[in-house]
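Welcome! Here is a short tour of side-chain contacts, one kind at a time. Please have a look at the structure first.

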Amino acid sequence: MTEQLGYIEIATELPLLAVRDVVVFNDMLLPLFVAREQSLIAVEAALNGNKQIMICAQKDPSTAKPGADDIHGTGTIAYIMRQAKYNDSKIKILVQGLAKARILRFKTDESYYRVQTELVMDEPEPKSSHELEALVRAVREQSQKILALREVLSEEIVTLLESVEKPGKLADLVISNLKVKVGDAQKVLEETDPKKRLMLVNQILNIELKVSTMQAKFESEARNEMDRSQKEYYLREQLRAIKRELGDDSGREQEANDYKLKMKKAHLPKEVQVEANKQLSRLEWMQADSAESAVIRTYLDWLVELPWAISTKDHLDLAEAKKILDRDHYDLAKVKDRILELLAVKKLNNRQKGPIICFLGPPGVGKTSLGKSIAKAMGRKFARFSLGGMKDEAEIRGHRRTYIGALPGRIIQSIKAVGSNNPVLMLDEVDKIGADFRGDPASALLEVLDPEQNHGFSDHYLNVPFDLSKVMFITTANSTYTIPAALEDRMEIIELPGYSLEEKVSIAKEHLLPRLLTDHGLKSENLVVRDSAIKAVISSYTDESGVRSLERQLASVCRKVARKLAESPTGEMPLQKITSLHLGKLLGPPSVIPEPKLNEGQIGVATGLAWSDTGGSVLFVEIRDVPGQGNLSMTGQLGDVMKESAWIVIDLVRFYAQDLGLKKDFFANTDIHIHVPAGSVPKEGPSAGLAIFAALLSSLLNIPCPKDIAMTGELTLRGQVMAIGGLKEKALAALRHGIRKVIIPRQNQKDLAEIPPDLRKRITFTPIDGIGDLIRVLFPELHFRPGKPDSQAKLQKPKSKPYRVPKPSGRQPGART
């Protein structure tokens with residue numbers, strides 16, 4: 001049976017297609033995906049017939065197999081215009097609504113429904129009125145506003161809305177093109193009065209406009225507030241979802257879980273844990289092969305590998321510590337006592353913040369090895385790095401992570417390397433720190449070496465505080481002159497003076513040779529080095545206050561003996577007894593040429609003592625006076641301070657000229673030349689004043705200075721002698737040169753207690769207050785009474801007039817250049 005709708009015949013019995021989330025209206029073109037078996041059979045039946053099908057909406061979209069009670073009774077008869085088959089279980093059809101109809105009766109045909117229908121005709125269109133016109137305009141305007149908010153409004157849509165005049169057609173057009181709830185659309189479909197249907201659509205549009213306006217507001221605010229990180233988060237969420245679909249997300253989750261496990265094991269402080277979680281969260285949303293993800297991985301590796309909660313237990317047995325120090329180091333009694341005192345305080349009060357120790361002394365005296373012995377005695381781990389030549393502040397504080405190849409500072413690196421947060425950390429060469437446009441490392445060390453500040457040390461790379469208060473810092477230096485005052489104030493200076501000849505011999509026998517024999521695979525049955533050979537090596541092949549060069553020379557002897565043993569066919573050889581006679585063949589000619597000793601006192605030559613970073617040395621001050629016009633020349637690369645000492649001596653002699661037996665205006669007709677060999681070595685310091693005065697007086701008075709007396713001291717314009725430094729080093733230098741009498745300032749008499757007793761027995765120290773005392777010691781035949789202008793200095797019964805040595809035309813024989 002059929003019904004006539006215009007020129008189209010509508011069948012009254014049709015297959016039923018139940019749809020979940022859409023309501024089909026008259027004249028509506030709509031693509032539908034059909035996948036349920038019941039629906040596929042119904043579509044197939046329609047296609048085999050007149051291609052007409054009854055489409056009704058389900059009451060509950062979640063129902064998989066809807067029955068008669070699950071389907072709305074009013075729907076739309078549609079015509080299947082075309083179909084597209086995807087596979088055996090899914091097709092796509094394009095339908096057009098033909099007429100509104102209601103179900104009269106359900107007929108079950110095997111596995112799908114056929115329904116008996118009747119057409120539902122709308123009531124006649126209402127007559128035009130102001131109210132109806134207002135309603136039509138309201139629906140059009142609200143539709144355009146909603147579509148504009150959804151950003152889908154176009155000129156074609158506006159033209160289409162303006163072209164529809166009938167209220168029923170307009171209601172169907174609007175409701176079919178807006179995504180509204182199925183229940184609301186079904187109410188509109190079932191309403192047969194066009195005006196009421198349009199009013200119902202208007203109510204739905206009012207609600208939808210409010211919702212769309214609110215939604216647009218939220219989206220606008222979200223867009224305005226969304227910054228770069230939020231955009232990245234959104235994009236990475238999508239990327240993560242894609243990777244999850246592709247099965248490429250398991251490695252990232254495993255990496256994150258590994259880091260979380262490492263963080264737990266590292267026992268990170270709360271502040272560090274927060275930063276680590278933040279960086280790990282960032283890493284999870286990043287592309288695995290991006291440059292920034294590599295930076296974050298490196299940063300997290302540093303955080304989890306640092307020993308935040310790993311400490312070594314201190315072993316504070318003073319007897320054992322003393323035994324270790326005595327075994328590893330010869331003498332240094334004062335230094336060992338200070339170290340034991342430090343350990344004793346640490347034992348009684350473990351929370352006591354100890355001082356920062358600075359070992360001061362020339363190279364090779366055992367500063368670094370002392371630090372190792374302290375770590376061994378305390379049971380702590382040991383680390384060291386050199387500050388020499390460091391000019392970049394980032395070497396201490398670390399580089400910021402924004403730089404390519406950034407790393408933490410050397411302190412954090414050392415702590416990570418030893419794996420303990422309380423090591424003994426030695427900072428070598430603290431006196432050789434530089435500074436340039438990259439910062440001042442010495443200033444950065446102020447925080448590191450301050451016990452009141454270093455508990456929260458912040459490395460620029462880590463950007464989180466690390467507690468350095470548990471670290472025992474030890475620094476080394478050769479001189480304090482180049483250490484900034486603020487940095488020196490934070491350290492306790494412990495001086496390690498140089499060694500005497502006998503001390504070096506003992507160190508070589510007890511420490512150096514046993515270790516060298518082991519290192520070279522030798523035994524005591526293979527090699528014996530006599531004391532005479534050790535002394536010869538010290539005097540002829542080394543020139544130092546420490547024992548570093550001595551160790552190298554003895555190692556050279558061991559290598560030659562080891563080669564001889566290795567080349568032996570039987571692997572054996574007789575005992576090698578090395579004496580001083582064998583050194584020429586083993587080490588070659590002597591490499592150290594000492595200053596030539598004076599066989600007798602010479603006029604215009606005085607023996608001075610100097611002290612530098614490498615220890616003490618002997619300097620000869622040579623002065624010649626010749627007729628001239630009062631010129632003073634100084635050679636030998638003298639520094640400014642040394643030149644000032646020379647001018648002070650000139651003015652002193654001029655002031656006391658008559659008391660010294662000289663003409664009052666002697667300088668006006670005399671040129672004086674001061675030279676200090678060797679000319680290629682720069683010389684600086686104030687303690688040469690006494691030697692310059694003695695040499696000048698000797699030259700002017702033609703009286704030779706004693707050859708066996710050396711002197712050191714700074715002179716003032718009043719003729720007073722001021723204190724000097726490095727007394728032990730200077731005394732050792734005098735002893736190495738065979739000088740047994742040393743003139744020192746009386747202010748340094750207190751420092752004699754620091755000199756070993758055996759050294760005091762071998763050298764006679766003569767303290768003096770001023771130039772009067774110096775003249776009485778050097779020139780006892782000269783009566784000097786300063787302060788009496790009419791008095792004259794006279795020789796005691798001179799037998800003959802002293803010979804005045806003329807100025808040579810060339811170089812002085814034997815002088816070094």
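## Cysteines

Let us begin with cysteine 558, which is buried because its relative accessible area is 0%, where buried means under 20%, exposed over 50% and partly exposed in between, with a 1.4 Å probe and protein chains only. Cysteine 358 counts as buried too, at 0% relative accessibility. A search of the whole structure finds 0 disulfides, a disulfide being a pair of cysteine sulfur atoms within 2.5 Å.

## About the model

This is a predicted model, in which local features need pLDDT of at least 70 and side-chain atom pairs count only at pLDDT 80 or more, while totals for chains, interfaces and linings use all residues. Residues are numbered from 1 along each chain as its sequence is written, and side-chain values use heavy atoms, leaving out hydrogens and water.

## Salt bridges

The count comes to 31 salt bridges, each a side-chain nitrogen of Lys or Arg within 4 Å of a carboxyl oxygen of Asp or Glu. In one of them, arginine 338 meets glutamate 492 at 2.6 Å, N to O. This pair links distant parts of the chain, 154 residues apart: arginine 338 is in helix α12 (residues 333–348) and glutamate 492 in strand β15 (residues 491–495). Helices (H or I, at least four residues) and strands (E, at least two) are DSSP runs, numbered from the N terminus. Arginine 338 is buried at 17%, whereas glutamate 492 is partly exposed at 24%.

Another salt bridge joins arginine 384 and aspartate 428 at 2.7 Å, N to O.

## Aromatic rings

How many aromatic pairs does the structure hold? There are 5, counting rings of Phe, Tyr and Trp (its six-membered ring) with centres within 6.5 Å; planes under 30 degrees apart count as stacked, over 60 as edge-to-face and the rest as tilted. Phenylalanine 106 and tyrosine 113 make an edge-to-face pair, because their planes stand at 75 degrees, with the ring centres 5.5 Å apart. Phenylalanine 106 is partly exposed at 27% relative accessibility, while tyrosine 113 is buried at 17%.
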